[in-house]
Amino acid sequence: MPEDRSNKQPPAGDDRNLVVVDEDFVNADTEDRLWLFWERNKDTIVKGTFGLVFGILAFLAYFFWNESRREDLGVEFIACQDEAARRSFASRHPGEALAAVAMTDVADDLKKAGKFADAAKAYDEASRLTGLAGKAPAIAALGTRARLYAALCRLEAGEAGADKAIAAVADDVNAPETLRGFAMLTLANVAVAKGDTAEATKWLNAMDKKLRAGHVWKSDKEALVQSEPSLVAPAAPAAK
C-alpha cells in the first residue's frame, strides 16, 4: 500500500512551496505535467510577467512623453519669428538640433543684411550648438555649413585667416560634397581675384580629383576656367 504523504511537512526553515507527487504521477500525461510545472513555478512566472509588462509600459510612457515633448519643442520653435526669439530659444535648448537650426536662421538673416561680422559670430554659435546636438549626419552637415559660412562672412568682412578656414572645409573628407565643392570653388575665385593662377589651378584640379565627375559645381568651375584665359591649359605640341 502506498505511503500516505499528504500530511508530511517540509523541514524546518524550508519555506518553499512544495508540491508532493505520489506514484500516480509517474506516468502523468502532458496536461498533468503542465499543471505540476505551474504549481512549482507560478510565483516566478507571475512576478516575471509583471516585470515584463511593467517594463513595456515604462518604455511606452517614455516614448509618448518624449514625442509630446518634441512636438511641443517644434511648436515653440515655429513661434520664433525674430532674431531675439530665436536666440532665446537656442539658449534655452542646448543639445537640441532645433537650437542649432534657430541660430543658423539668425546667422543667415544677418548675412543677408550684410552684417558679416555679426553673422560670423552667429554661425560660430550655431556650429557649437551642432556639436551638442549629437552625431547624426544631418546635424554634422549643418555644423559644417555653419563653419564654412562663418569663414565666408569673415572673408567678406576682410578678416585675416578666412581663407584658411574655408580650406579646412575643402579638405574635410567627412564634409558633404556640395559644401566641399563650394569651398574649393570659392578659393579658386579668390585666387583668380588676386592674380594667383597657380593657387586657382590647384583648387580647380582638386575639384576634378576629389569630387564626383558630375558634381553640382561643375558648370560653375567650367565657367570660371573659360572666363580666365590663364587657367586654360595650353594645348600640347603636335607630335613630329
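Predicted model: local features only at pLDDT ≥ 70, side-chain atom pairs only at ≥ 80, totals over all residues.

**Entry 1: Thr 186.** I asked for its contacts first, leaving aside neighbours within four places in sequence, and got Leu 152, Leu 155 and Ile 166. Contact here means heavy atoms within 4.5 Å. Thr 186 is in helix 7. Thr 186 has a relative accessible area of 13%, so I put it down as buried (buried is under 20% relative accessible area, exposed over 50%, partly exposed in between, with a 1.4 Å probe and protein chains only). I also checked Thr 186 against Ala 167: 19 residues apart in sequence, 9.4 Å apart in space, C-alpha to C-alpha.

**Entry 2: ground rules.** Residues are numbered from 1 along each chain as its sequence is written, and side-chain values use heavy atoms, with hydrogens and water left out.

**Entry 3: the whole chain.** Along the sequence the pattern reads α-α-α-α-α-α-α-α-α. Of the 240 residues, 30% count as buried. Among contacts with a separation of 6 or more, 45% are between residues 24 or more positions apart.

**Entry 4: helix 6 with helix 7.** Two packed helices are described by the angle between their axes and the distance between the axes. Helix 6 (residues 162-170) and helix 7 (residues 177-193) have axes that come within 8 Å and cross at roughly 140 degrees. Axes are lines fitted to C-alpha atoms, for helices over the stretch in contact, and angles run from 0 to 180 degrees between N-to-C directions. I therefore log helix 6 and helix 7 as oblique to each other; under 35 degrees counts as roughly parallel, over 145 as roughly antiparallel, 65 to 115 as roughly perpendicular and the rest as oblique. Their crossing is left-handed, meaning the near helix is turned anticlockwise from the far one by less than a right angle (clockwise would be right-handed). Helix 6 brings Asp 163, Ile 166, Ala 167, Val 169 and Ala 170 to the contact, and helix 7 brings Leu 179, Arg 180, Ala 183, Met 184, Thr 186 and Leu 187.

**Entry 5: helix 3 with helix 4.** The axes of helix 3 and helix 4 are 8 Å apart, at an angle of about 165 degrees. That makes helix 3 roughly antiparallel to helix 4. This crossing is left-handed.

**Entry 6: Thr 104.** I went back for another threonine, Thr 104, in helix 3 (residues 97-112). Buried or exposed, at 5% relative accessibility? Thr 104 counts as buried. Not counting residues up to four places away in sequence, Thr 104 touches Tyr 123, Ala 126, Leu 142 and Arg 145.

**Entry 7: helix 4.** I tested the length of helix 4 (residues 116-132): at 1.5 Å a residue its 17 residues should span 24 Å, and the end C-alpha atoms are 25 Å apart, which agrees. The expected span is 1.5 Å times one less than the number of residues. Its buried residues include Ala 119, Tyr 123, Ala 126 and Leu 129. The buried residues of helix 4 pack against helix 2 (83-92), helix 3 and helix 5 (137-156). Just after helix 4, Gly 134 takes a positive phi of about 110 degrees.

Notes:
Helix = DSSP H or I, 4+ residues; strand = E, 2+ residues; numbered from the N terminus.
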